[in-house]
Amino acid sequence: MTAVTGRVAAAERGETRIADRVVAKIAAQAAKEAVDEAPESGSSPRATVTVHRDAARVRVSLELGYPCDIGRQCGAVRSRVAQRVKALAGMDVPEVAVQVERLHPAGASGAQGRIR
């Protein structure tokens with residue numbers, strides 16, 4: 001049996017790579033957590049990510065309930081996504097672009113298609 005006498009330097013141990021799709025899933029979940037009330041008939045947030053070294057640029061598409069403070073909701077999504085990606089993937093997030101695809105009126109989930 002041989003004893004290990006020296007430690008391997010961090011640079012020589014290898015590297016960890018996190019796939020873009022994994023970071024995108026983290027971002028989408030964080031966006032879902034950041035929205036106050038997700039519309040019942042809406043789809044879950046989607047995210048696309050471009051990773052370059054230790055930085056991720058994120059684009060989030062989501063649907064919001066109406067009426068709501070769209071600016072505040074988007075700010076909360078940007079903040080939450082940047083925090084969670086940094087905490088879970090160890091990547092800086094210099095840019096989070098939020099795209100609101102659709103607004104869902106309150107109480108319209110059962111009234112769609114009806115004329116009053």
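**Exercise 1.** Start at the side chain of glutamate 63: with which side chain does it make a polar contact?

*Solution.* The partner is the side chain of histidine 104, at 2.5 Å. A polar contact is a pair of N or O atoms within 3.5 Å; within protein, one must be able to donate a hydrogen and the other to accept it, and residues adjacent in sequence count only if both atoms are side-chain atoms. Next, look at serine 43: its backbone nitrogen lies 3.1 Å from a polar atom of the glutamate 63 side chain.

A word on the model: it is predicted, so local features need pLDDT of at least 70 and side-chain atom pairs count only at pLDDT 80 or more, while totals for chains, interfaces and linings use all residues. Residues are numbered from 1 along each chain as its sequence is written, and side-chain values use heavy atoms, with hydrogens and water left out.

**Exercise 2.** Is glutamate 63 buried or exposed?

*Solution.* First place the residue: glutamate 63 is in strand 2. Then take its relative accessibility, 9%, which makes it buried (under 20% relative accessible area; exposed is over 50%, partly exposed in between; 1.4 Å probe, protein chains only). Finally, list its contacts (heavy atoms within 4.5 Å): leaving aside neighbours within four places in sequence, they are Pro39, Gly42, Ser43, Arg102 and His104.

**Exercise 3.** In which sense do strand 1 and strand 2 pair?

*Solution.* Strand 2 spans residues 55–66, and its pairing with strand 1 is antiparallel, over seven bridges. Strands are DSSP runs (E, at least two residues), numbered from the N terminus, and two of them pair if DSSP finds at least two bridges between them. Within this pair, threonine 50 stands opposite arginine 57 of strand 2.

Methods. Helix = DSSP H or I, 4+ residues; strand = E, 2+ residues; numbered from the N terminus.
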